[in-house]
Amino acid sequence: MMNLKTIWAISFFLWLSYTLQAQSVSVYTEKPDDDEAVFFTGEQFGVRNDGSMDVSDILQKAIIDLKNTRNFGILFIPEGTYKLTKTIYIPKAIRLIGYGSTRPEFILAANSPGFQQPRAGDKGAANYLFWFVDRYEGDDEEIRDAGAGTFYSALSNVNLRIADGNPSAVALRTHFAQHSFISHVDIHAGTGKAGLYDVGNEMENVRFYGGDYGIYTTKTSPGWPMMMVDTYFEGQRKAAIATMAIGDVGLTIVNMEAKNTPVVIEATHAFPDKIFLENCRFENISRSALVFNEYNAKNQISALQVACRNVPVFATIKGTDSTITRSDNMYRVNRFVYGLHIADLGTDAQYQTIFETEALSRFPERPVKEIPDLPPMSEWVNIKALGAVGDGVTDDTEVFRKALATHRTIYVPQGWYVISEPLKMDGSTKLIGLHPFATQLMLKESTLAFSGFGGPVALLESASGGQNMLNGIGLNTGAYNYRAVGLKWTAGADSYVNDVKFVGGHGTMPKGNAPQQAYANAGARISTPGQPVVLPGMDAAWDNQYWSFWVTNGGGGIFKDIWTASTYNASGLYVSNTETPGKIYAMSLEHHVRNEARFNNVANWKMYAFQFEEESREGHDVLPLELVNCRDLMFAHLYFFRVIRMVKPAPYSARTWNCENLTFYNVHNYSQIKYTTNVPIYDVNTGMDVRPWEFSMLHIKGNRCQPPTGPAPEGIRQVATGFEFAEGITRDSRGNIYFSDHRLRRIYKWSVATESVSLVADFPWKPLSLGVDTKDNLLVVFRYDPQPGYLVNGEQETVPALPDAAGTSFSGWGNSGFASWVYSVDPDNPDESIRLLPKVRYGAMKNIHKLLLPANRWRMNFEEVSVFTPEYAFAAPDGVTYIPEFYDLARATGVVEAFPGKNYYSTDEYYKKVARVAVGADGTFNDVSYVINRGEFSTVTDDAGNVYVADGQIHVYNPAGERIRTIDVPERPATLIFGGKDNKTLFITARSSLYSIHIP
């Protein structure tokens, strides 16, 4: 007779077995009926699915044939076991989806050739079972890794296993972008290296067993946050997750379990990171749940509701040798926030650690699966079986209307379905597709029901309060349908929208081998697939429709993996008049003209991995996020990004009106260029703004309703205004101040004699930075683009690339092919005194009095490039002032004076720190050491050695690196210099204005 202990053990293992099996069940239990898909069956490909046959070459050919034939689509994998011995490459927009009563499983055979050592030169130091790439055309062609333009790729309902003898094997490499994902996958890495390398976009219901790591990763290829929902990690030898990036991986994790591993998440390199966790369980973590680096504005670590059992150390902070612990064997971390905190509007940002915990007497049950299941396939009704054609020409409206009226779950296989009248779901309708570009509901141009003047008309509308579901379908409202809305959603809290693309402009692809029409052509493109019409006027079709996605009138639910980037719509998302709870997981909002997302009279919503991108052609004036009359909202990993091609500043990224109880975790407001949005958040009614571009927490209480009054803070005086982006400040020996306006190509002077500002020059050369030599010659670092058609020695003029451009993302995407040169002028006679400075070899410089160096560098390799010796320097007219030819001059907002034998301060803008660098007698550099944990564009020192750091406001530090005061400036400061008659006046260029303050 069994004792109670034995009965308990058996019951536990039965429960565990049932639970594991339940979470590994096949999602697609039947063969989908899809005449545009390819099925990896024995009948079609001659393969056996019993694990006895190496199917590597056949599978690879099937994938490439599908790509070459259709350009995008689905390869369905029947249940069974498939043996692989080499890497399988999956190109852009191809999805592999398993089906059957059990999930198919791919096994990397034991001791497969090439998986014992890392691939030569591979950044992940591994070989991969499945590698998502942007392009792959065969063994003889270059492999292009998945990147920022790799859309619509996926692996779903497939298990992966690495057999023994493959220590350098990793199951997946997934550096892809929007609408790409891994879902419903178990990965058994065994003695291999890891389950997955390089995250991208989102994953759902993925479980990792064994390996050195479950995941190890750099940042996502577009730099967006990474969404992870309903994931499980067990038995990793080093860490469940290791971030090895240069920063900003942005893991956004909800419902994660990790057990029996030394570390849950570790930043393995000395870089800051962004991590958000909610509703997680950690068990038997021997070393530390979290391991990350010390305080930095870009270091944003947040965790809510994390249950821990046998986790003695919750966090380890590298660089300080400190730990954050709780002695109880079982406890819950209700809130942990580490980084830069802002308690409310109008309060100073402070580095803080919040660690709010409670002891537990009973360990919580496993988290309830956050994402709802699709309906059983036995309930699916195929729309094509009901008569729909989906050829992009035939009107399928009536077929859909009848289906919506009579069927609960409608499967929409691949096809482009023309709709001419609004479609509306009933209370339980579910529309299921499996590829949001290959499967679209679309309007032809100027469809009557959606055209002309009038209120919004939805292509597809949910039922009010319904339990509707929309999955894997694109919605295309064309370019000219003035009244169109892609999706109107009034369904309830139990509804679900997933993997939906709002088609238009960005992200479009031609069918088959048709040539891709360039988006940035001379005319506005109509987005309707199959109708590549070009209209006169570049922006003729933009911003003429209503919103793409409209949630309103009590609408709510779960919204996941949505890309809303149609430039033809007024905004990507509009949420209005609802208190029904809503959760957004991984939504990408991009490429609109005026607004990306608007919330009006909304409460009880949470946004995770909410990301914005503003493109240079259409987004110069866009306001990414607007919040009006909202309360009880939470944003976790809110990313605001402006592309590298922007040449015009923007005032703010988010604007709030009459809002209360808004909480922001891990905000990232950035660009590779200096035209990052001035402030991330501005409150209209109070006139208050949030200055830090990077912070871990902000709470807007909403208890202020009147704008602040009184004189300008700290005795700040506005000297002059009306500029676009004032920067590049310098002074001469008499205390006169010079500054520039880059895009408008102007140079200004503030005169110490007249105390007024005048225009010095408006030459055709774009000024980058200004300096002076010892004889008060004005030195102008400027951008020179080779003149088209200008022949030098019989060939088109070009400029050589600089070797130190490597290591900065600024050097790509159109920021190459030009030179940063220096000219000099006599400020009293600039028009006739302009001359290009000659270059001398760096080792040949004589009698060096001072060097003019980039004041700030946007660098992942800041310490390395700070001691780099360039080949040349520009020689000023005085013969003792030199400007070393660094690539960073192209982006820096100013230059800083450095003297041989002394130290100077340089700003690491990427990691938001200030470093002290030593200058040798020969003008070389050494001994880079970080001294201040703030930094943006510019620093300057006073006679006492205090350092003034421009970072949102002006933060003043004593020579020991201790902050002693903050100077509030009405606008975001860019560059600083002391000048005036007594050199005691601090001059500040701050976006549209020049300010000054007397420093006693």
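**Exercise 1.** State how many aromatic pairs the structure holds, and classify the pair of Phe-271 and Tyr-911.

*Solution.* The structure holds 71 aromatic pairs. Rings of Phe, Tyr and Trp (its six-membered ring) pair if their centres lie within 6.5 Å; planes under 30 degrees apart count as stacked, over 60 as edge-to-face and the rest as tilted. The rings of Phe-271 and Tyr-911 are 5.5 Å apart centre to centre with 15° between the planes, and the pair is stacked. Phe-271 lies in the loop between β19 (251–267) and β20, and Tyr-911 in the loop between β68 and β69 (913–919), 640 residues apart. Strands are DSSP runs of E of at least two residues, numbered from the N terminus.

The model is predicted: local features need pLDDT of at least 70, and side-chain atom pairs count only at pLDDT 80 or more, whereas totals for chains, interfaces and linings use all residues. Residues are numbered from 1 along each chain as its sequence is written, and side-chain values use heavy atoms, with hydrogens and water left out.

**Exercise 2.** Decide whether Phe-271 and Tyr-911 are buried or exposed, or in between.

*Solution.* Buried means under 20% relative accessible area, exposed over 50%, and partly exposed in between (1.4 Å probe, protein chains only). Phe-271, at 22%, is therefore partly exposed. Tyr-911, at 5%, is therefore buried.

**Exercise 3.** Classify the pair of Phe-886 and Phe-925, and locate both residues.

*Solution.* The ring centres of Phe-886 and Phe-925 are 6.1 Å apart and their planes stand at 50°, so the pair is tilted. Phe-886 is in the loop between β66 (881–884) and β67, and Phe-925 is in strand β70 (residues 925–932), 39 residues apart. Both Phe-886 and Phe-925 are buried.

**Exercise 4.** Describe the largest nonpolar core and the surroundings of Leu-277.

*Solution.* A nonpolar core is a set of buried Ala, Val, Leu, Ile, Met, Phe, Trp, Tyr and Cys residues joined through side-chain atoms within 4.5 Å. The largest has 75 residues, and those with the most contacts inside it are Phe-130, Leu-277, Phe-282, Phe-314 and Phe-336. Strand β20 (residues 274–293) gives the largest share of this core, eight residues. Beyond its neighbours within four places in sequence, Leu-277 is in contact (heavy atoms within 4.5 Å) with residues including Ile-253, Phe-282 and Val-306. A second, separate core of 68 residues includes Val-399 and Met-607.

Conventions: Helices (H or I, at least four residues) and strands (E, at least two) are DSSP runs, numbered from the N terminus.
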